[in-house]
Amino acid sequence: MGDIAVKVDHVSMRFNLSKEKVDNVKEYFVKRLKNKLEYDEFWALKDVSFEVKRGDSVALIGLNGCGKSTLLKTIAGVLKPTSGSVSVFGTIAPMIELGAGFDMDLTARENVFLNGAILGYNRRQMAQYYDGIVEFSELSEFMDVPIKNFSSGMLARLAFAIATIGTPDILIVDEVLSVGDFRFQEKCEKRIQHMMKSDTTILFVSHSIEQVKKICRRAIWIEKGQVREDGLSTEVGSRFEKAYYAGELSE
């Protein structure tokens, strides 16, 4: 497994969707105790298998609701699959949900150290990284402002700057680069490409096929929870775009 960073082995993920509206917590627990809650089963992922080699750059593409984000969350360890297994070899820096891991009432400065602790860095290490985080995020004037006052673009800058400190073995990026201005997106792309040269494995989700082709060597097309195609990003991305614009895809 020395050259493997991520192994997804026959992973399926089931969610139970309530069939009826429950108005309050008391009603929910009463119905649950009486076994009167009815659910519809929804399979977000169905028997998904693939491997990602160390240092590779892989995009997950597909329509909204196809299972891309659920798959990333199973790889990051946020969700446990209903069946199958995920093996990860190395440290992960996940950017799955904008603001995840932040305390909105704390300042940007305080959140740098909080997020660093979540990623496994001690305070001394974060103090060494701090100036670089501020410089990259371009938020020096706002570091003592509670982040509840930040725009989504400012949050994205801070999150990306923290997640990419040092050289994590695996960087997971889910749609975060779609937030913020074009110039900062280019800056993030350059940092990702630099990390790839340092052998960091990239798992990337974006609705921009152009961005996928630019950043990733490989693309896995997910459709209705299953792998439809897996190959070079230029080829798979083009076929996905063609099917999308021809109206051949449905959510």
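**A mixed sheet and the helices around it**

In this predicted model, six strands form an open sheet in the order E5-E6-E7-E3-E8-E9, with mixed pairing. At its edges stand strand E5 (92-95) and strand E9 (226-232); each has a single partner strand, so one side of each is left without a neighbour in the sheet. From one strand to the next, the twist averages 15°.

The next step leads from E6 to E7. These strands also run parallel, joined by five bridges, and Asp174 stands opposite Val205 in E7. How many of the residues of E7 are buried? The count is five of five. Thr201, Leu203 and Val205 point one way from the strand, Ile202 and Phe204 point the other way, and all are buried.

Four bridges join E3 to E7, and the two run parallel; here Ser57 stands opposite Ile202 in E7. Strand E3 (residues 57-61) also pairs with strand E8 (residues 218-223), in the parallel sense and over four bridges. In that pairing, Leu60 stands opposite Ile220 in E8.

Helices pack on this sheet as well. Helix H2 (residues 68-76) touches E3, E5, strand E6 (170-174), E7 and E8, and its direction makes about 150° with that of E6. Helix H8 (residues 233-245) lies across E3, E8 and E9, and runs at about 130° to E9.

Another group of helices can be followed through helix H3 (residues 108-118). Its buried residues are Ala108, Asn111, Val112, Phe113, Asn115 and Gly116. Which helices do the buried residues of H3 pack against? They pack against H4 and H5. Just after H3, Gly120 takes a positive phi of about 100°.

A search of the whole structure finds seven aromatic pairs. One of them is the stacked pair of Phe136 and Phe160, with 5.8 Å centre to centre and 25° between the planes. Phe136 lies in helix H4 (residues 123-137) and Phe160 in helix H5 (residues 152-163), so the pair ties together parts that are 24 residues apart in sequence. Both Phe136 and Phe160 are buried. Elsewhere in the chain, ring pairs link Trp221, Phe240, Tyr244 and Tyr245 into a cluster.

Most residues other than glycine have a negative phi, and most peptide bonds are trans. Where is Asp47 placed? Its place is in strand E2 (residues 39-53), and Asp47 is partly exposed, with a relative accessible area of 47%. Asp199 also has a positive phi, near 80°, in a residue other than glycine. The place of Asp199 is in the loop between helix H6 (182-197) and strand E7 (201-205). Asp199 is partly exposed, with a relative accessible area of 42%.

Eight helices and nine strands are present, and buried residues make up 43% of the 251 residues. Among contacts between residues at least 6 apart in sequence, 70% join residues at least 24 apart. The protein exposes about 13200 Å², of which carbon and sulfur atoms supply 49%.

Terms used: Residues numbered from 1 in each chain as written. Predicted model: local features only at pLDDT ≥ 70, side-chain atom pairs only at ≥ 80, totals over all residues. Heavy atoms only, no water. Buried < 20%, exposed > 50% of the residue type's maximum accessible area, 1.4 Å probe, protein only. Contact = heavy atoms within 4.5 Å. Areas by Shrake-Rupley, 256 points an atom, 1.4 Å probe, with all protein chains shown as cover. Phe/Tyr/Trp six-rings, centres within 6.5 Å; stacked < 30°, edge-to-face > 60°. Pairing = 2+ DSSP bridges. Axes fitted to C-alpha atoms, helices over the stretch in contact; angles between N-to-C directions.
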